[in-house]
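Visitor: I would like to learn how to read a few features in a model. Please take me through them one by one.

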Amino acid sequence: MGAVPVLTVAASVLGATEASAATANVNPSAPRQTIRGFGAMSHAIWAGDLTAAQRDTAFGTGEGRLGFSLLRIPVNENQSDWGRDLATAQRAVALGATVFASPWNPPAGMTETFTRGGQTNAKRLKYSAYGAYAQHLNDFTTYMRNNGVNLYAISVQNEPDYASTWTWWTATEIVNFLKANAGAISTRVIAPESFQYVKSMSDPILNDPAALANVDIIGAHLYGTPYANFPYPLFQQKGAGKELWMTEVYYPNSTDSADAWPGALDVAEHMHHAMVDAEFQAYVWWYLRRSYGPMREDGQISKRGAMMAHFARFVRPGYVRIDATANPASNVFVSAYRSGNTVVIVAVNKNTSSVTQQFTLAGTAASGGVSNWLTDASRNVAPQSALTMTNGSITVTLPARSVTTFVTSLGGTPTSPSASITPSVPVSPSPSQPPSGGSAPRVTYTMSTWNNGFTAAISITNTGTSAINGWTLGFTLPAGQSITSGWNATFSPASGQVSARNVSYNGTLAPGASVDIGFQATHTGNTAEPTAFTLNGIPCTVA
């Protein structure tokens, strides 16, 4: 183990007798948590490394891919093993994913044995080695950075309260380490990663201002955690500026095949509650490739993996969950997310009959396509025929025992799923014409920074009266900033005067349409934003 329109959803459940369901509202103007991503653990020593093809399946976002945007790797206690997971981490980064790491044990010389209950050989970090251990974590961070992987965060300890075969920590010891030593670590710090979201492990961090100042992410695991324990009021009260991640789970068990159906629907419901009830910003499975995991041992996506892909492929890092009626009908679960004008809705129907559901964008007469993907007994995240929204309204059918992801736009123009990209992704069509209609394109640029890095979310809007067929966004990165990975565009070069070109699925921008792109980058202290942008050579308005 380890004030925009309100989207109204009306649903009715079809059974022996048709029943009316309560109206559900999806409100794009009511943001909740910012999503950092969905992913899984790769641990080469314990489970073998992924193959090149499996890495692309895991972190690619096209059809038949999982679309994972997070990779968790181990901090092996021996430096000689640090390269074991490097190739997978490097490919994950190249495909736009974020990498973070968790240790199970410090180097052997830093630990001592003690008696804990009936365990006479329990292991803990020597108090005198706290400084050396912080340096160990920092050295791993530096090693990964020097090899092209900028860790988003590193954990103090994997499951410190479930450590019969690894290193125990008490809540007090974690608080002491955070206060005295974690400030020396050159990336974000995660704690406590309790195996069961035991709040007595994390409450002391939140209640100690000095410890809280040196932690960036409250991490939790959800093994056996009931849904009633998912909410965390103390974090909502005291965790301002911090993140809340679910960094490890398998659910509901590790015994059933990941292709068991309809059992795999339990994973989709679990993810729904993790996003809606717990308001986690990340959801990370245990072993990425396993008989009970998102990828089977043969490298194919499992039914459980399809459940995760319904979120991971379409709800990309930087998207924000927005308020929605979570349970509009019995056994129907709805969550919604937004990035710019793009709205993603994930609807889980665990009923044995279909559900008819009407989506209405109140206050707008927007019309256009709605992209949608379906998983049921015979299909895995299968693209369906585009639906049509007319005057802000659409009625859909959720098949029995299914998950459907809908992607639409507040402006009425459908958008393709976000994707991590590499320079090898084909670009089509090529930029061949400037925006027309007499209006400058509009760009918004939003940064999220930390001590030596940042992410940038860019929204490009065609304010003209005719379509743009192929686009290149030009801008200059301030000194000291360098792009390490990007999504939804090809960025070149990594620094200085940068061009971001469309990829195959988002080259056409209809009048009034927007496209969301972004990148992750490093900086050397300068976190200024670019001051000007051009689209196909035309100066943009910066909003």
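Visitor: How do I read a salt bridge, and which residue does R91 meet in one?

Guide: Side chains of opposite charge can pair when their charged atoms come close. The cut-off is a side-chain nitrogen of Lys or Arg within 4 Å of a carboxyl oxygen of Asp or Glu. Here R91 meets D56, at 2.7 Å from N to O. R91 lies in helix α3 (residues 86–94) and D56 in helix α2 (residues 52–59), so the pair ties together parts that are 35 residues apart in sequence. Helices (H or I, at least four residues) and strands (E, at least two) are DSSP runs, numbered from the N terminus. In total, the structure holds 19 salt bridges.

Visitor: What should I know about the model and its numbering?

Guide: The model is predicted: local features need pLDDT of at least 70 and side-chain atom pairs 80 or more, while totals for chains, interfaces and linings use all residues. Residues are numbered from 1 along each chain as its sequence is written, and side-chain values use heavy atoms, without hydrogens and water.

Visitor: Which ring does the charged end of K199 sit over?

Guide: The test asks for NZ of Lys or CZ of Arg within 6 Å of the ring centre and within 35 degrees of the ring normal. K199 sits over Y232, 5.2 Å from the ring centre. R188 lies over the face of Y152, at 3.6 Å.

Visitor: How many aromatic pairs are there?

Guide: A pair of aromatic rings is described by the distance of the centres and the angle of the planes. Rings of Phe, Tyr and Trp (its six-membered ring) pair with centres within 6.5 Å; planes under 30 degrees apart are stacked, over 60 edge-to-face, the rest tilted. The whole structure has 29 such pairs. One cluster holds Y445, F454, F475, F491, F519 and F533.

Visitor: In what order do the strands of the open sheet run?

Guide: Strands of a sheet pair through backbone hydrogen bonds, either parallel or antiparallel. Pairing requires at least two DSSP bridges between two strands. This sheet has five strands, ordered β29-β30-β27-β33-β34, with antiparallel pairing. β29 (490–492) and β34 (538–539) are the edges, each with a single partner strand, so one side of each lacks a neighbour in the sheet.

Visitor: How many bridges join β33 to β34?

Guide: Two bridges join them, and β33 covers residues 533–535. T534 stands opposite P539 in β34.
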